[in-house]
Amino acid sequence: MNRSFADTPIDRLAHFVSSLDYDDLPVDVVTKAKVHIADTLGAAIAGARSGEFAIALKSIRPSGSVQLWGTGLSASARDAALLNGCAAHAFELDDAGGCDHSGAVVLPALFSALKDVVPPVSGKQMLASVVAGYEVGRRILEATGGYDAHNSLGWHSTGTCGTLAAAAACARLFGLDAAATRDAITLATSFSSGLWAFIHDGSQAKKLHAGRAAEGGLLAAQLAANGFAGPSRVFDDVWGGFFNAFNKSPCQPELLAEGLGDVWKINRAVLKPYASCRGAHSAVDALEDLLTEVGRPASEIEKIDVRLSAMLKDMCGAKVGGAMAPTQMSLPYALAARCAFGTAGLQAYTEKQRLDSAVHALMDSMRLDIDDSMAPMAEPLIILTFRDGLRVERMVPRATGSAERPMQSEAIAAKFRELAGMSLSSANRDALWNTLGELENIRDCSMIEPLIVGNADSLPTFR
C-alpha cells in the first residue's frame, strides 16, 4: 500500500478537498450550490416517474434504509446512489457544464453516504461536500483535455469523470484526510465508464451513467475510508494512466490544482430549462429570441435551417420523435416542439407529443448543414424564413441557465415546483424547497429525507 504524499497536482487537489470547510466558501458559491442541490432533487423526484427508473427498480429489487427520492421505497446505500442517479438524469433536466452532469452524480452519492457518517451531518457539511464534488469533476474533465477532446473520442464524461466527482464529495463528507481522499479519487478511476454508443439508436444506457458514477464514487470513498489504497500514479504519464486512456492527445494534469480556492468550478455548472440534451438548448433560445424580435408566431415560419459543427450534428442532429431517450437528444425535435407546442419543456416530450404529425413534418422540412469552420461544441446558427420571405438568423453563444444568460429565480422555482410536484405532495414539495433554501442553517440533514417521500412508485410512468 502506497500512502506517501507528494506535491503533485492530484495531491494538491486531494489536500484542498480534505480541508475544504463551509467557511471557505464565498457567499455566491453557497447560493449557487443550494440552487443546484434543489434543481437536482427536483429533477430526480420527477425522474422517479420515468420508464428507466421503473426498469432499474424492477431489475435491482432494492431493500435497505436509504430513501429512493420521490417514492415510498428505500434501498441499500449503493443501490440508492445508482437508482437516484438514474432518476436525476432520466428526463435530461439535471444540470450540466460540470463533469458534465455533476448534480446527478454528486447528490445521489452524498445522500447515500449519510448512512456511513455518525449523525448529525449539518447543512454546512453537506454544502462543502457538494462543492468539493463539483470542483473535482470539472477539474478532471478539463485536465483530460476538456469536453470536446474527451467526449469526441466516444467517452461520456458524466460516467467517466463523474465517478471521481462523487468519490471526492463522499470523501469530504466522511472527513477523510488528504491521503485517503486521494485514494478515493484515484480508486474511482477504476470504476470510470460510459460510452456515447447510445446515440446511434433508442438505447436508454445514457440514463444509467449518472447512477453508476454515483454508485462507483460512493464505493471508492467507502473503500478508501477503510484503508484501500488507490493507484498513486494514475494521473502520471504512464501506461494505464487515466489521461493516456481517456484522451490520445496531450493532457494538462496541472489543471487539477490550478486556481484552487480562487476559481470555483461549480460556477461553471448550468441549469437546464428544456428537457433535452444541452446541445439543443441554444438553438431553442435562438428561436425564441428571433420570434420575439420580429413579433411573429411560430406558425408563420416557412422553414428552419440550422448550421452546426460536425460533432453537434452527430450528437444532436437526428430527426427523431419516437422513444423518449433518443428524442431528448434531438435538436430538430426541440425546435419543432417549441414551434408546435410553445414549449420545449418536459410536457413537450409526452408520447402523444413525440408522435405528433405536425412535429414530424417540421423536422422533415429542416435543413441541417455542417460547417467545418465551427469548433466541435460551437453553438448552432438558426435561420428562420417566414412565409412572406423575411429571413432572420441568430446564434446564442451561451444558452439559458448559464452565467451569461441565467434563469431567473422565479423560473428556477417554477421548474422545481413542476418537477417535484410530479411525485410529492404539495406540502412536502413546498417544505423541501424552503428547507433547501436554508440549508446552511440545518443541523441534521437526515431531516430532509422525510420530505422526499412521494408516491412515484404507485403512479404510472411518464409517457
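Mentor: Let us start with the axes, which are lines fitted to C-alpha atoms, for helices over the stretch in contact, while angles run from 0 to 180 degrees between N-to-C directions. Helices (H or I, at least four residues) and strands (E, at least two) are DSSP runs, numbered from the N terminus. This is a predicted model, in which local features need pLDDT of at least 70 and side-chain atom pairs count only at pLDDT 80 or more, whereas totals for chains, interfaces and linings use all residues. Residues are numbered from 1 along each chain as its sequence is written, and side-chain values use heavy atoms, with hydrogens and water left out.

Trainee: Why are H16 and H18 called oblique to each other?

Mentor: The axes of H16 (residues 331-341) and H18 (residues 357-365) come within 9 Å and cross at roughly 130 degrees. Angles under 35 degrees count as roughly parallel, over 145 as roughly antiparallel, 65 to 115 as roughly perpendicular and the rest as oblique, and H16 and H18 are therefore oblique.

Trainee: What makes the contact of H16 with H18, and how do its residues divide by class?

Mentor: Contact means heavy atoms within 4.5 Å, and Pro 332, Tyr 333, Ala 336, Cys 339, Ala 340 and Phe 341 in H16 meet Val 359, Leu 362 and Met 363 in H18. Ala, Val, Leu, Ile, Met, Phe, Trp, Tyr, Cys and Pro count as nonpolar, Asp, Glu, Lys and Arg as charged, and the others, Gly among them, as polar; the contact of H16 with H18 accordingly has 9 nonpolar, no polar and no charged residues.

Trainee: How do you know how H9 and H10 are oriented to each other?

Mentor: H9 (residues 162-174) and H10 (residues 178-188) pack at an angle of about 160 degrees, with their axes 8 Å apart, and H9 and H10 are therefore roughly antiparallel. Thr 163, Leu 164, Ala 167, Ala 168 and Ala 171 of H9 meet Thr 181, Ala 184, Ile 185 and Ala 188 of H10, a set that divides into 7 nonpolar, 2 polar and no charged residues.

Trainee: What term describes H5 and H11, whose axes cross at roughly 45 degrees?

Mentor: The axes of H5 (residues 103-113) and H11 (residues 205-225) come within 8 Å and cross at roughly 45 degrees, which makes H5 oblique to H11. Ala 104, Val 105, Pro 108, Ala 109, Ser 112 and Ala 113 of H5 make the contact with Ala 210, Ala 213, Ala 214 and Leu 218 of H11, and by class these are 9 nonpolar, 1 polar and no charged.

Trainee: What makes the peptide bond between Pro 119 and Pro 120 worth a note, and where is Pro 120?

Mentor: Most residues other than glycine have a negative phi, and most peptide bonds are trans. The bond joining Pro 119 and Pro 120 is cis, with omega about 0 degrees, and Pro 120 is in the loop between H5 and H6 (123-143).

Trainee: What is the phi of Arg 61, and where is that residue found?

Mentor: Arg 61 is not a glycine, although its phi is positive, about 50 degrees, and Arg 61 is found in the loop between H3 (51-60) and E1 (66-67).
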